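Please open the structure in a viewer and keep the selection tool at hand.

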Amino acid sequence: MTENQDASRRALPAGVMLNAYPDSIGERLSDTMALLKRPELEGAFSLFYILPTFFNSDLDRGFSIIDYDINEELVSRQDLQDLRDLGITLKLDLVLNHLSVRSPQFQDLLERGDASPYKDFFLDWNEFWLEHGTMGPDGTVTPNEEHLEKLFMRKPDLPILRVWFPDGSSRLYWNTFYQKVKFVEMAPIDFVGIEGIDLNEAAFIADVVQKAIEAQQDLEELDLGDLSHLHDEVLAIVCRKRDYLGQMDLNARSDLVWKFYEDTLKKLRDYGARIIRLDAFAYLHKEPGAANFFNRPGTWNYLHRLREIAEQYDLIIFPEVHAEYGSGIHTEVAEQGYPIYDFFFPGLVIDALDRGINGALLRWLEEIRTSGLQTINMLGCHDGIPVLDLRGKELHGVYRQGLLSDEEIAAAMERIISRGGRVKNLFGHDGKQIAYYQVNATFFSA
């Protein structure tokens, strides 16, 4: 282990960490601070991880960040001063992989197109894959099969969002995580400006479009009958009126993106943060022919570059990575001198309590002890109760056992589901489920 890595280990504060959204207790962070100031809780928590509705965001419970300014509806500067006065170390997120479509950068891109300084700030899907895929009739480049089979997906179908510009043109942007598209109700007046059509034809078009929207049909396949020659013009009008949200993937090949990371880390330091969780870190490095999840060595190069920036501001960073135990990624992270986010612990505790068998839990605790792993563990978190992480995995033709067998994981999931929990799954590019991911339930109800 290098001196740099050893310093990373030594610097992580020990103690009990409170994980909460600013409005988890009461309506604002000040309500949580009032609780923490009570004499009964004196010294109970050494650290506080405040989840990212701390910032301005619009989707995915805070993880679709508009900007890293303080969300003044929930957080005040006085709250941060109160944390410092209590001697509680602050942990915040830097969501590396994406920003909201409502971010200033994406809005500038929408307004100015190629003239925007943020033209290359986000990943143009077609541009990325053009030399490694096939352009389809709908204007979407589909990666070649050998690339497509390797892609690690978080949702069914391709991870893209089509964005329409004021001039009527459209582009596809890489969108690994969530999107939400809503079309406003269309009326004849929306189409009367199309050259060569009368009011009756405009009413016909509005009716066809509205029925397609209500039926959630693919608008690329609108059947306009004798007016089919107007398809593209109609579609452009419809899409300009839609309202959409999305977490748009950043282009880490852009120097401007790295300037943004540096500015953000400084801003988080100025809020009083000492520890920064690198959310969605494993998706940041992308290249054709890779899984685009924890690509090596590119992922490590990015992480080391981020650590160099963080050290300028006396910040401790660590990557948040969901992966099967059998993949050994947690070991790689630890060997590089970073704390690991212990997504194994919650499921193992649930299993031990339910079955009255503690063998799997003790084996993991012994690995932590004997390997000298530095963990940030939890019983439950905003990610629910991870189950994918407990699995084994085949690597290079050799199967590495998981912390629980697939049968034991399935049984634990069934028990939690019977108590009201829900399962979140991962999907392949063809929309088929390829793996379970997590169980959404509070630890108490599970």
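**First stop: the largest pocket**

Begin by selecting strand β9, which gives four residues to the lining of the largest pocket, the most of any element. Helices (H or I, at least four residues) and strands (E, at least two) are DSSP runs, numbered from the N terminus. The model is predicted: local features need pLDDT of at least 70, side-chain atom pairs count only at pLDDT 80 or more, and totals for chains, interfaces and linings use all residues. Residues are numbered from 1 along each chain as its sequence is written, and side-chain values use heavy atoms, with hydrogens and water left out.

The volume of the largest pocket is about 830 Å³. On a 1 Å grid over the protein atoms alone, a pocket is an open set of points with protein on both sides within 12 Å along at least five of seven lines, whereas a cavity is a set of points where a 1.4 Å probe fits but cannot get out; lining residues have an atom within 4 Å of a point. Grid points are joined across faces, edges and corners, and a volume is the space filled by probe spheres set on the points.

Next, select I160, R162, Q179, D218 and R242, which are the closest to the pocket centre among its 26 lining residues. Two or more lining residues come from each of β9 (160–164), β11 (179–182), α7 (199–214) and α8 (231–240). By class, the lining comprises 14 nonpolar, four polar and eight charged residues. Here Ala, Val, Leu, Ile, Met, Phe, Trp, Tyr, Cys and Pro count as nonpolar, Asp, Glu, Lys and Arg as charged, and the others, Gly among them, as polar.

Is L161 buried or exposed? L161 counts as buried because its relative accessibility is 2%; buried means under 20% relative accessible area, exposed over 50%, and partly exposed in between (1.4 Å probe, protein chains only). Not counting residues up to four places away in sequence, L161 touches several residues, including V101, Y173, Q179, Y244 and M248. Contact means heavy atoms within 4.5 Å.

Now move to Q216, in the loop between α7 and α8. Q216 has 73% relative accessibility and therefore counts as exposed. Its C-alpha atom is separated by 54 Å from that of E40, 176 residues apart along the chain.

Select F48, L92, F106, Y261 and I276, the residues with the most contacts inside the largest nonpolar core, which has 108 residues. A nonpolar core is a set of buried Ala, Val, Leu, Ile, Met, Phe, Trp, Tyr and Cys residues joined through side-chain atoms within 4.5 Å. Another core, of 23 residues, lies apart from the largest one; A206, L227, V234 and L235 are among its members. In soluble globular proteins, nonpolar side chains tend to be buried together.

Four cavities of 30 Å³ or more are found in a search of the whole structure. Select V321, I329, H330, Y341 and F344, the closest to its centre of the 14 residues that line it. Helix α11 (329–335) and strand β15 (340–342) each supply at least two lining residues, and α11 provides the largest share, three residues.

The second largest cavity has a volume of about 80 Å³. Its lining includes L151, W174, Y283 and N292.

N292 counts as buried because its relative accessibility is 3%.

Proceed to P297, in the loop between β13 (273–279) and α10. A cis peptide bond joins R296 and P297, with omega about 5 degrees.

Finally, select helix α10 (residues 298–312): at 1.5 Å a residue, its 15 residues should span 21 Å, and its end C-alpha atoms are 22 Å apart, which agrees. The expected span is 1.5 Å times one less than the number of residues. Among the buried residues of α10 are W300, Y302, L303 and R307. After α10 comes D314, with a positive phi near 55 degrees.
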